[in-house]
Each structure stands twice: as C-alpha cells, then as structure tokens.
Amino acid sequence: MTHTLIGIALVLLASAALAQAPTQLNEATVADLQHMMATGQLTSVQLTQYYIDRIMALDQSDNGANSVIELNPDALNIAANADAMRSKGKVLGPLHGIPVLLKDNIDTGDRMQTTAGSFALAGKPALKDSTVAAKLRAGGAVILGKTNLSEWANFRSFFSTSGWSGRGGLTHNPYSLDRNACGSSSGSGAAAAANFAAISFGSETDGSIVCPANVNSVVGLKPTVGVTSRGGVVPISHTQDTVGPHARKVADAAAALNVVASRTPDPRDPATSGVPLGWQGTGKSRPSLPADYTAFVDPNGLAGARLGVTRQGIDNAPPQVVAAFDNAIAAIQAAGATVVDLDALDARGFPSVTADGEFEVLLYDFKLDVQKYFATRVGVPMANKTLADAIVFNNAHATSEMPYFFQEIFELANLMDTSGTDPANNPQPIFTSKQFPNGETYNQALASDHDAGAAFDKALHDNNLDAVVAPTDSPGWTTDLILSDHFIFASSGLAGGPGYPIVQVPAANVLGMPMGISFIGTAFSEPTLIKLAAGFEHAAQHAAGLSGRFPPTEPFIGNVTTTNTAGTTLTPPKPPKKDTGLRPHRM
C-alpha cells in the first residue's frame, strides 16, 4: 500500500495511530457542526483535527478502510483561517470551516497530488485548482485530503476491481472489510460512511457516485451534467462526467451542491452554459439554478408525489435483496406517494429505448478528453502526452500498474478513429453491426443515447410522474482481485447516457450490509429529487423492514458473514493404547 501522507499527517502518525479513534462527533450533520461552531462549542481546527485523528487511527491501520490516499499538509492552517474569519463575523457559506475530502481525480492547486490513482500522473501537483476545488475554497471549506478511487475512474480494464488503484491500493468497505466499496468513487463513499469527513466529493460517468453511496450507506447526489463544472477533473467523457457529493444526510448533500454548483458559465467547461445530451435538440433551455438547494429538503416530500417504479433486474437477486426494495416501495406509498409500475406498461420493459451508444461515446470522448487534460499538467509522466503514451507507461510499469488486471479499455479507446476534419462522422470499425456494417459513427452513438433520454422524458410526461425510483445496486460483494467485480443489477444507466441526475438514499440492512434506492429525474430536476429523497429518508426511519443509514462498527468488521460459517468442532480420535507385544494363547 503506497500512500503519500505528508506534513501534519507524518507528525501525527506515531501517536494518533495508537490512540482510540474519537467518536463524539460521529454522524453529526453539517447543520449540527455549523451550530456548534457558531455557538463556540467547536472550532474548525478542532473539527479538522478530529477527522485527522480518525483517519490515522481507522483508515491507516492494518484493519482500516484505506479510503484516504493523501492528507492536505495545509489543512489545519486552512481551518485556522476559517476560525479567524468566523471570529470577525464573516462566514462564507454553508461549508465554512467544514472539512471535505476530494476524489483523487479532482485537481487542487496546492501541495497534494492529483493522479486518478495512477503513477502516470504522479509528480508535480496540478498547477491550479479545479473549478470545484476553487468554489469550495471560496465557500470557506477545509480541503482535508484526497480519497482513493478505482484507477482512471474504472475505465481501464473490463476485469478491474472497484476501489483498487496502483498508487492507493485497495479501498475496503467499512461495514465488512472483505467487501467492496464499489467505484469508481470508492474512497469517497467509504470515507463518508466512516466519518472521516463531513462531506466527500466523487465523480460519476455511470454509477460512480451512486454505487459507492449504495454499498456504504450514504447519500450520493449525482448532478445533471453541467450543473457542476468538470474544469480541472481527470476525465472519461465530457458527455457524461459530473462531480457530486457523498454525505450523511440529504440536507448535507444539498448544502454541498449549493457550494459547488455553477450558476454562471465556467469558461473551463462549456456544459455549464448548456443542457445535457438528453435535452439537446429538443428546444429545452438551461434554467436558472436554485440559489439554495437545501430549501427543497422536506421530511414530507413524498406526500402527493407520483413516482414511476422500475426494478432494473433486482428480481434476479436473492430474496432478501428483493424484499428490501419491496419494503422501500411500500414505505414510499405509506408516506403518501402514488407509484406506477413502469415495467408493466411496455412489453419491452422500461426504458423502451436504452443508451446503446454509451460505450462508443465514452471510448471516443476519453481518447480526446484525456489528451486535453494531459496538456494542463507539467512535471508528471503524462504531461502533454496522449492516451497511447499512457498505454506505453502502463506496459513499462506493469508490476505497479497492472498486477491484477490489464488495460483493454485503454487499448480500445486508442483504436477510435479521430482523424480528419469531421472525426465525429468517421465510421468506427470496432462498432460494426447489421445496422452499421461499416461501423457506427460517434454522432450516431450520441443520437442513440439522446433517444434514451427522450424515451425517459416521455415516460415521465405520459404518466404524469415527478421522477422514477429504482434499486441502486446490490449490497457490496466480496472483493475479488482475481475474478473482478460482481454486479447483479444497477439503475444508474437510466441517467448515464442522457446526463440526468440521481439522488441515492440509504434504505435497508441486508444481512448486515447496506442497500439503497435511487430517485432519478430529467435534467435539472435536482430540487424535485432532493425533496423526494428527503421524504424517503424520513420515512425509512420509521418503516418496517427498513433501516435508513446505519453507521459502521468500530473497529471495522473484517467479515460480516461469520455467523453459521464456522462448521463443526472436530474431536481428534484418541491414540491407541500402547502395544505390549503380548498376545493371548490360542484355545
């Protein structure tokens, strides 16, 4: 396990690792912490030190979560500055003085690395803050450190293991360390669950915020593409990438979105002045973003709502998993919402049109987008390089970069034909089919994903729905670096291709492991989704068969499935009596 824990972390390592992890502020919400700081019960320095102590005691131990890849050597100084400002009556926003963690693909123009978990980007830190990091600093947040992730945001191999990176090693699920934290924002989800920061930020292309939230029992808010800027974020796809928070409560996630949302266009990201793919060409325009997303947090948010339900393959899961989702739907109805079975409305199931062009779009975007990102870096192996150079680097450093899985996706992306004056209309030979015998073009793949968004919106309109509710993912599976991830079902693809938002909320305890549900809507429907998710969060606390969020035990459990697995207690046979050699006479 290779970590870069520098500055203050090294000073504290010897003492804090031996001390019992503090617990007194566990599960405190952003509002709780702000109240304590406003009334003089707590300082930002004390809060920051609290989280550092927990990380050093619980994340870095042999039985730790391994969710944090680096601590900010300037964190305590930033916290002290926040305290000084507060003492003079200046509070910059809802995250003023609140420690936050950022996924290690989000640039910070400080002394920390931004590597996407790969040594190919290790060396000189990013030259400037990402737009998200700059907004957090402007809002008074304390950037505490970086979280581990699935290397290159899980876009390198078909056989990857979520939560593993060459630089950061393997992140573990704090509810059962042998189980997966999902990805690619594995460290972000696990750190939020383990109370290593009040808020953590991840990124999602398809599932990378909501899946870690699901298996780690936290709220995950995946914004509409373009609500948060991707400027200074290691990319997969400008069509689908988005940055969003992991938090303990819906209200905390809404407060975090308040700080990082791009309410005016960001020159570093054209999506912040436009609409996502699902709305493009429809005549729909970008609305003004709300001034305060927390205004939509409503414990009675389900009353009078009308929701479409889709099961997205959950019925192939074990009965306990199916029952958890059924109990969640029953709780939604008991809270006053009407549900419509979308799967029963069309023989083709829901959605009737899927984002079949997604993989081609991601490959094409990645080849071009990652090269543009490399051009922003200096003093690292990939500075001003290409995807082809990254492939060469991985082959040359296979021992550290590819000990368990290779780079088939990198190699496919590099095969995409991006040549000529109109590359988006080049037929791509690796995407031949009966419909496209010469290969589907990038623009044709985009059209397919756009149509999936249009079909989703049509279902909302035709059934007069506020949103769609679906199971997020299965509970965390046992991590397997040899046979890779084990997914049974997922719903994030409904929103991935079109670029639509999701709010994932903890729902149930399935044999000791968390499971959640997702509220999915059309573009810019975050206010509606926040209201619905807050309503469910409240209902889950009182509904039969549901648990809502539940904190992990400390120290963390190595294996949650030990009951009835020990087998029998064997009794060895007794040795024979010593043979004297005497035998009875024959009669």
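1. Buried means under 20% relative accessible area. Cysteine 211 has a relative accessible area of 2%, so this residue is buried. Cysteine 182 is buried too, at 0%. Keep in mind that this is a predicted model.

2. Those cysteines belong together. The structure holds 1 disulfide. Cysteine 182 and cysteine 211 form it, with their sulfur atoms 1.8 Å apart. A disulfide is a covalent bond between the sulfur atoms of two cysteines. The angle about the S-S bond is 95 degrees, and the link is right-handed. What does the pair tie together? Cysteine 182 lies in the loop between strand S8 (176-180) and helix H7 (186-193), while cysteine 211 sits in helix H8 (residues 210-215), so the link joins parts that are 29 residues apart in sequence.

3. Next, strand S9. How many residues of S9 (residues 199-204) are buried? The count is 6 of the 6, so the strand is largely enclosed by the rest of the structure. In a regular strand the side chains alternate between the two faces of the sheet. Both faces of S9 are covered. Ile199, Phe201 and Ser203 are buried on one side; Ser200, Gly202 and Glu204 are buried on the other.

4. S9 has strand partners. Strand S3 (residues 99-103) runs parallel to S9, joined by 3 bridges. Valine 100 has isoleucine 199 of S9 as its bridge partner. Strand S11 (residues 242-247) runs antiparallel to S9, joined by 6 bridges. There, serine 200 stands opposite histidine 246 of S11.

5. Helix H4 (residues 75-87) is worth a look. Its 13 residues reach 19 Å from first C-alpha to last, close to the 18 Å expected at 1.5 Å a residue. The buried residues of H4 include Leu76, Asp83 and Arg86. Just after H4, glycine 89 takes a positive phi of about 85 degrees.

6. Now the largest pocket. About 760 Å³ of space lies in it. Of its 33 lining residues, Arg230, His238, Arg268, Asp269 and Pro270 are the closest to its centre. Helix H11 (358-374) gives the most to this lining, with 6 residues. By class, the lining has 16 nonpolar, 8 polar and 9 charged residues.

7. The second largest pocket has a volume of about 640 Å³. It is lined by 25 residues, and Asn154, Phe155, Asp206, Ser208 and Phe487 lie nearest its centre. Which helix supplies the largest share of this lining? H11 does, with 3 residues. The classes here are 10 nonpolar, 11 polar and 4 charged residues.

Definitions and conventions
Residues are numbered from 1 along each chain as its sequence is written. This is a predicted model: local features need pLDDT of at least 70, side-chain atom pairs count only at pLDDT 80 or more; totals for chains, interfaces and linings use all residues. Side-chain values use heavy atoms; hydrogens and water are left out. A disulfide is a pair of cysteine sulfur atoms within 2.5 Å. Helices (H or I, at least four residues) and strands (E, at least two) are DSSP runs, numbered from the N terminus. Buried means under 20% relative accessible area, exposed over 50%, partly exposed in between (1.4 Å probe, protein chains only). Two strands pair if DSSP finds at least two bridges between them. The expected span of a helix is 1.5 Å times one less than its number of residues. On a 1 Å grid over the protein atoms alone, a cavity is a set of points where a 1.4 Å probe fits but cannot get out, and a pocket is an open set with protein on both sides within 12 Å along at least five of seven lines; lining residues have an atom within 4 Å of a point. Grid points are joined across faces, edges and corners, and a volume is the space filled by probe spheres set on the points. Ala, Val, Leu, Ile, Met, Phe, Trp, Tyr, Cys and Pro count as nonpolar, Asp, Glu, Lys and Arg as charged, and the others, Gly among them, as polar.
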